[in-house]
Each structure stands twice: as C-alpha cells, then as structure tokens.
Amino acid sequence: MNLSAKTVVLIAIGAALYGIGGLPMFGIPVFANTTLKPAMAVLALFGVLFGPLVGFLVGFIGHWVTDLFAGWGVWITWVIGSGIVGLLIGLFPKITKQRIEKGLFTKWDFFLFVVLAFLGNVIGYGTSAFLDAVLYAEPFTKVLAQLTIIAAGNTLLIAIVGHFILTSVAKRKQQSYNLKEAY
C-alpha cells in the first residue's frame with residue numbers, strides 16, 4: 001500500500017480531530033462507559049469525502065488517541081469498531097460515483113449516507129460488543145444495550161450534523177464545478 005503525502009496528512013488531521021473530539025469532556029454520557037461523541041460527525045465527514053481507507057484509519061487511530069488521552073487504557077475492541085464505522089461510511093463516494101465532488105447531494109444521497117452510518121455503527125460497534133463479550137466476559141445484556149444506544153445515537157448525530165456539512169460541501173463544490181474560464 002502506497003499512501004500519498006496528502007492522504008497521510010488527511011488521516012493525521014482526521015484522527016487528531018476525532019481523537020481529541022472523542023474525549024469524555026466533549027461527549028454526552030448515556031450508559032455504563034458509553035458516550036455519544038459529536039466527533040462521530042468528523043469520522044463520517046472524512047469517510048464520505050476521502051473514502052474507506054481514510055475513514056478506517058481516522059476511526060482506528062482517532063479512537064486509539066481518545067483512549068490514550070482519556071486515561072482508561074486502549075480498548076482495542078472499540079478501536080476496531082470505530083475503524084469499521086469509518087470504512088463503511090467511506091463507501092459513500094464509491095456507491096454514489098463521486099456525486100458530491102460534482103456538487104450533488106440529493107435526498108437519495110442523504111438517505112444512503114444515513115443507511116451507511118447506521119450499518120457502520122451496527123456492524124462496527126456490534127463487532128466491538130461481540131468481542132467484549134467473548135474476550136473480556138462482559139455481560140451480553142450490557143454490551144447489547146451499549147450497541148443499541150450507540151447505533152441509534154451516533155446515527156442520529158451523524159445524520160443531523162452530516163446533513164448540514166455535506167449540503168454545504170456540495171454547494172461549495174457546485175460553485176467550483178460550474179466555474180468557466182473567462183476569455
């Protein structure tokens with residue numbers, strides 16, 4: 001795998017924003033070690049704009065940073081889950097054939113974005129919950145409750161913040177896309 005310097009910088013910026021933004025002081029505690037993080041919108045944005053590899057690495061590295069700075073140790077199961085969330089949301093540009101780059105963000109695109117956010121959260125953090133139950137003997141009912149709250153809360157948060165951001169990005173791209181060279 002050969003990453004360009006631009007891609008490495010994007011991953012570093014995204015991971016730093018997601019990692020620091022994921023700290024408990026910026027989140028909303030909802031249930032046993034479960035916090036809704038506005039930083040999820042950062043993860044979604046980087047995935048949508050730069051694809052699945054960037055999305056995965058922003059989620060993976062960023063969650064690692066959160067765990068390190070929060071002081072509770074790195075929970076690799078949840079680090080992997082955040083990576084999967086970023087990867088799945090990062091499929092958006094491939095599925096939509098880069099429409100947002102042309103300044104298009106339709107209701108169908110928004111619906112697809114929300115579905116990918118939901119699937120990313122269910123599959124990503126479902127993997128985390130399953131691994132917690134198997135590896136750390138966490139009670140199944142606890143991890144299932146965490147998964148349900150996280151999947152619903154994160155999807156709602158990503159949908160609301162993402163709609164505003166992606167609509168703005170599409171408008172900006174549309175203006176750039178429609179520019180003509182004057183003679």
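Modeller: This is a predicted model. In it, Asn-121 lies in helix H6, residues 107-135.

Biologist: Why is Asn-121 called buried?

Modeller: Its relative accessible area is 0%. Buried means under 20%, so Asn-121 is buried.

Biologist: What does Asn-121 touch, leaving out residues up to four places away in sequence?

Modeller: Its contacts include Met-40, Val-85, Leu-147 and Asn-154. A contact requires heavy atoms within 4.5 Å. Met-40 is also one of the buried residues of helix H2, residues 40-50. Just after H2, Gly-51 has a positive phi of about 95 degrees.

Biologist: How do you know that H4 is roughly antiparallel to H6?

Modeller: Helix H4, residues 76-89, packs against H6 at an angle of about 160 degrees, with the axes 8 Å apart. Angles over 145 degrees count as roughly antiparallel, so H4 and H6 get that label. Their crossing is right-handed.

Biologist: Which classes of residue make up the contact of H4 with H6?

Modeller: That contact has 14 nonpolar, eight polar and one charged residues.

Biologist: What makes strands S1 and S2 a pair?

Modeller: Strand S1, residues 28-31, and strand S2, residues 34-36, are joined by three bridges in the antiparallel sense. At least two bridges are needed, so S1 and S2 pair. Ile-28 has Leu-36 in S2 as its bridge partner.

Biologist: What lies between S1 and S2 in the hairpin?

Modeller: Two residues separate the strands, and Asn-33 in the turn has a positive phi of about 55 degrees.

Methods
Residues are numbered from 1 along each chain as its sequence is written. This is a predicted model: local features need pLDDT of at least 70, side-chain atom pairs count only at pLDDT 80 or more; totals for chains, interfaces and linings use all residues. Side-chain values use heavy atoms; hydrogens and water are left out. Helices (H or I, at least four residues) and strands (E, at least two) are DSSP runs, numbered from the N terminus. Buried means under 20% relative accessible area, exposed over 50%, partly exposed in between (1.4 Å probe, protein chains only). Axes are lines fitted to C-alpha atoms, for helices over the stretch in contact, and angles run from 0 to 180 degrees between N-to-C directions. Angles under 35 degrees count as roughly parallel, over 145 as roughly antiparallel, 65 to 115 as roughly perpendicular and the rest as oblique. A crossing is left-handed if the near helix is turned anticlockwise from the far one by less than a right angle, and right-handed if clockwise. Ala, Val, Leu, Ile, Met, Phe, Trp, Tyr, Cys and Pro count as nonpolar, Asp, Glu, Lys and Arg as charged, and the others, Gly among them, as polar.
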